[in-house]
Amino acid sequence: MNNITERTLSKVPEVTLIFWIIKIAATTLGETAGDAVSMSMNLGYLIGTAIFATIFLIAVLVQIKAKKFHPFLYWTTIIATTTVGTTLADFADRSLGIGYAGGASLLFVLLMASLAIWHRSLGSVSVDTVSTPKAEMFYWITIMFSQTLGTALGDWTADTAGLGYAGGAIIFTSLLAIVAAAYYWTKLSRTVLFWAAFILTRPLGAVVGDFLDKPLDHGGLALSRYSASAALLVIMIACILGFRQRAGKASGHQY
């Protein structure tokens with residue numbers, strides 16, 4: 001086993017069903033926790049973004065310096081990306097006044113640019129090739145943009161498009177089902193399908209999170225953002241402890 005494979009195995013979790021379950025819980029937690037800080041604590045989107053961006057940078061640095069894969073460290077970093085994505089998207093969409101469509105368009109361009117620069121620099125955007133600090137930095141920046149885009153897409157679908165939280169959840173669940181079907185029954189690039197699924201889980205988490213904590217007259221359940229966040233965190237911890245996550249293995253898909 002070469003050094004690159006060892007490092008990849010030590011830092012990236014195997015992409016399995018439990019990976020996606022934890023990812024959806026993390027993105028939902030990002031929505032409720034982000035709203036808890038910016039709205040329930042009345043700190044606003046800008047201060048909320050500054051707080052979570054600081055946590056994100058610290059988590060990424062610790063993750064990059066880690067010598068092997070640590071499930072709790074990895075998922076803490078994922079949570080950091082999704083919370084900063086929530087407050088950053090809300091700041092861009094609402095405080096800057098560019099709207100959900102404008103925010104989603106801008107973030108889509110940034111996400112595609114991140115992937116393009118990553119591919120141009122290292123020759124691949126496959127998670128199986130994340131084996132150096134430079135590749136890990138591209139990995140986490142791309143994830144942060146995808147989480148932020150997902151927030152904007154979820155809000156746009158539920159609010160501007162008028163589908164509501166349930167309608168948005170159905171749309172994104174259906175799209176994820178299509179990606180899953182493509183994985184099992186087509187020969188489409190596994191790298192493309194991975195990033196498509198990764199991006200789509202975020203708006204699903206956004207609409208589910210909003211459904212949990214938004215007022216009844218807005219179509220939500222009006223649950224406490226703090227209790228909803230705590231419950232989601234417990235679910236994540238239970239999944240991490242109950243289902244041993246192994247380090248990912250190189251699959252040979254390097255597109």
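Asp-35, Asp-210, Asp-213, Lys-214 and Arg-225 are joined in a network of salt bridges (a salt bridge is a side-chain nitrogen of Lys or Arg within 4 Å of a carboxyl oxygen of Asp or Glu). The structure holds five salt bridges. This is a predicted model: local features need pLDDT of at least 70, side-chain atom pairs count only at pLDDT 80 or more, and totals for chains, interfaces and linings use all residues. Residues are numbered from 1 along each chain as its sequence is written, and side-chain values use heavy atoms, with hydrogens and water left out.

**Around Asp-213**

- Asp-213 and Lys-214 meet through their side chains in a salt bridge, at 3.6 Å from N to O.
- Both residues of this pair, Asp-213 and Lys-214, are buried (under 20% relative accessible area, with a 1.4 Å probe and protein chains only).
- Asp-213 has 6% relative accessibility.
- Arg-225 also forms a salt bridge with Asp-213, and the closest N and O atoms are 3.7 Å apart.
- That pair links distant parts of the chain: Arg-225 sits in helix 9 (residues 225-242) and Asp-213 in helix 8, twelve residues apart. Helices here are DSSP runs (H or I, at least four residues), numbered from the N terminus.
- Arg-225 is buried, at a relative accessible area of 16%.

**Arg-202 and Glu-31**

- Arg-202 forms a salt bridge with Glu-31, with 3.1 Å between the closest N and O atoms.
- Arg-202 lies in helix 8 (residues 190-213) and Glu-31 in helix 2 (residues 17-40), so the pair ties together parts 171 residues apart in sequence.
- Arg-202 counts as buried at 0% relative accessibility.
- Glu-31 counts as buried at 1%.

Key. Helices (H or I, at least four residues) and strands (E, at least two) are DSSP runs, numbered from the N terminus. Buried means under 20% relative accessible area, exposed over 50%, partly exposed in between (1.4 Å probe, protein chains only).
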